[in-house]
Amino acid sequence: MHGIIVARAAASAAANRTVVARESTSMSHVIAAAPGAIVPVAGGGTFPVRRIYCVGRNYVEHAKEMGFTGREPPFFFMKPADAVLPVAEGEVGRMPYPGLTKDLHHEVELVAAIGTGGKAIAAADAMGHVWGYAVGLDMTRRDLQGEAKKLGRPWEIGKSFDRSAPIGPIRRAAECKVGADTRIVLEVNGAVRQQSTIGKLIWSIAEIIEHLSAAWELQPGDLIFTGTPEGVAAVGRGDLLKAEVAGVGSLQVTLV
Ligand code: MN
């Protein structure tokens with residue numbers, strides 16, 4: 001009994017120290033702290049974003065159109081959390097056409113939102129870590145990415161620019177019906193540019209989480225852009241992009 005009380009007192013002291021440390025840190029900020037990135041949740045509330053992980057070449061036909069064949073191990077890149085461009089249900093987001101590029105591409109993707117963190121998560125346990133899903137766009141300055149690839153340089157200039165991750169509302173996993181036949185579609189100005197089904201993912205969401213959590217400890221708030229199907233192409237100012245994952249949601253963005 002005494003041991004429990006001592007342990008509680010120690011825990012409470014530790015908790016107090018944490019609070020004090022946090023306060024004194026915020027007191028000593030020399031500039032305003034950046035606001036945290038958030039994404040609206042379908043039906044209310046917000047999802048705070050910690051990191052954005054993206055999977056490269058995760059549909060066979062897209063891998064082919066990018067000049068690759070066969071099943072390679074999944075690989076990952078990141079976008080900064082504040083690259084999200086959240087778009088509420090029924091609204092049309094406005095994405096500024098980014099600088100430096102003459103070849104801005106759309107990549108429609110299913111996004112998995114992590115609610116429970118962990119490292120070295122087995123695929124069999126992975127789906128319990130997913131809080132919900134959204135439809136997102138991994139917007140890409142393809143010309144800059146291509147140059148970086150050719151020179152063996154990092155991809156950030158092509159992938160991780162400001163507002164490069166438009167995303168619709170996150171819907172609770174229990175409310176989504178994401179299966180092999182779930183359709184993923186992108187229309188530009190009413191014409192279909194990309195369409196596939198989630199079953200065509202080379203690496204499933206569970207397998208992605210297994211690989212990703214072997215490399216990084218996942219935390220609540222992490223978003224995973226799971227890869228794009230074939231049909232990626234350029235868009236320009238004035239174009240209206242409509243992305244949809246059936247049973248998850250839709251997302252409309254216009255380039256300004
Ligand atoms: Mn992508």
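I call a residue buried if 20 or more other C-beta atoms, placed from the backbone, lie within 10 Å of its own; 12 or fewer make it exposed, and anything in between partly exposed. I number residues from 1 along each chain as its sequence is written. The model is predicted, so local features need pLDDT of at least 70, side-chain atom pairs count only at pLDDT 80 or more, and totals for chains, interfaces and linings use all residues.

**Entry: confidence.** I looked up pLDDT, the predictor's confidence in each residue, from 0 to 100. The chain has a mean of 92, and 90% of its residues reach 70 or more. Residues 1-22 fall below 50. Beyond near neighbours in sequence, this stretch has zero contacts in the model (a contact: C-beta atoms, placed from the backbone, within 7 Å). Where pLDDT is low, the predicted coordinates should not be read in detail.

**Entry: helix H6.** Helices (H or I, at least four residues) and strands (E, at least two) are DSSP runs, numbered from the N terminus. Which residues of H6 are buried? In H6, residues 205-215, I found Ile205, Ile208, Ile209, Leu212 and Ser213. They line one face of the helix, because they fall within an arc of 120 degrees seen down its axis (the arc of directions from axis to C-beta atoms). Their packing partners include strand E8 (108-114) and strand E9 (130-137).

**Entry: core.** Of its 57 residues, Val111, Ala113 and Tyr133 touch the most other members. E8 gives the most to this core, six residues.

Definitions and conventions:
Two residues are in contact if their C-beta atoms, placed from the backbone, lie within 7 Å. A nonpolar core is a set of buried Ala, Val, Leu, Ile, Met, Phe, Trp, Tyr and Cys residues joined through C-beta atoms within 7 Å.
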